[in-house]
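Me: I would like to learn how to read the features of a structure like this one, step by step. Could we begin with the ligands and then turn to the backbone?

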Amino acid sequence: MTNIELIDRNKLPQHIAIIMDGNGRWAKEKGKLRVFGHKEGVESVRDVLEGAVDLGVPYLTLYTFSTENWKRPKLEVTALMELLVSSIAKETRTMMKNGVRLNAIGNLDELPSKAVKSLKKCMEDTSTNTKCTLTLALSYSARWEITDAVKSIAKAAVEGEVDVNNITETTFAQYLNSYPLPDPELMIRTSGEKRISNYLLWQLAYAELYFTDKLWPDFRRADLYEAVLEFQNRERRFGLTSEQLK
Ligand code: IPE
Ligand code: IPE
Ligand code: MG
């Protein structure tokens, strides 16, 4: 039996967030340049996306480029931005075939105009697809997102659109860049690192965290299914006792 057959389709995580990490180390292991790892990483994106669609996961969010990643060598940053543009163009067909809608979060104003253009075009082309929303976190960091939300809500309060006494967790969440995506239920990080690296800090409050030593270019749909299986075997208590859940 393959893992997909072991998965309970009635208990799927509705939103899976992934930190795709380890491209550089994957390339280094092979004596190649880091960018070679990023290119191979695109193959993993395609396979994992198709795997998620086949399973019936409606939301997949991928940490593609962080605010902190701007500090990498210029050559690598340029190569990543070019790869983004070429991959979007190449993968639009796969997205159409699979009913995937492209979405993006992050400070997109920081991206090169070519990248913004191709993102917008693909988002438009795929806007009526309904099977899965693929969100790319680009020039994204959770502290940027939260600070930005604070600014917007403060402005709304000053302008009298929001009553400070009525601000709840739900109202605040509406000011986050990721709104209206549901909170991820499962967060996967590859490459053996066990940290969040400024990813979806608010939204991951109660996500199940799954870490694997596999480097991102080696991570494929079977690995996604393994993570989902483990997710289904965990008891999510949300502060309650085990007995209360029974
Ligand atoms: C993840 O792989 C891709 C990005 C952060 C853009 P890395 O490039 O971080 O690979 P490692 O962690 O150096 O191996
Ligand atoms: C996190 O990976 C960002 C992305 C995967 C896009 P990094 O490789 O940049 O994270 P750190 O710096 O090692 O924590
Ligand atoms: Mg890394």
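Reply: Let us start with the polar contact, which is a pair of N or O atoms within 3.5 Å; within protein, one must be able to donate a hydrogen and the other to accept it, and residues adjacent in sequence count only if both atoms are side-chain atoms. Here a polar side-chain atom of Asp21 lies 2.8 Å from an oxygen atom of ligand 1. Please keep in mind that this is a predicted model, in which local features need pLDDT of at least 70 and side-chain atom pairs count only at pLDDT 80 or more, while totals for chains, interfaces and linings use all residues. Residues are numbered from 1 along each chain as its sequence is written, chains are lettered from A and ligands numbered from 1 in the order in which they are written, and side-chain values use heavy atoms, with hydrogens and water left out.

Me: Which backbone N or O atoms lie at 3.3 Å and at 2.7 Å from an oxygen atom of ligand 1?

Reply: The one at 3.3 Å belongs to Gly22, and the one at 2.7 Å belongs to Arg25. The protein covers 86% of the 380 Å² of accessible area that ligand 1 has on its own, where accessible areas come from the Shrake-Rupley method with a 1.4 Å probe and, for residues, only the protein chains shown count as cover.

Me: Which element supplies the largest share of the shell around ligand 1?

Reply: A residue is near a molecule if one of its heavy atoms lies within 4 Å of it, and helices (H or I, at least four residues) and strands (E, at least two) are DSSP runs, numbered from the N terminus. The largest share, three residues, comes from α2, and both α2 (23–29) and α3 (34–55) supply at least two residues each. The surrounding residues include His38 and Leu80.

Me: Which side chains place a polar atom by an oxygen atom of ligand 2?

Reply: Among them is Asp21, with a polar side-chain atom 3.1 Å from an oxygen atom of ligand 2; for Asn69 the corresponding distance is 3.0 Å, and for an N or O atom in the side chain of Arg195 it is 2.7 Å. Of the 390 Å² of accessible area that ligand 2 has on its own, the protein covers 78%. Strand β2 (residues 59–66) gives the largest share of the shell around ligand 2, namely four residues.

Me: Is Ser139 buried or exposed?

Reply: Buried means under 20% relative accessible area, exposed over 50%, and partly exposed in between (1.4 Å probe, protein chains only). Ser139 is buried because its relative accessible area is 2%, and Leu200 is buried because its value is 3%.
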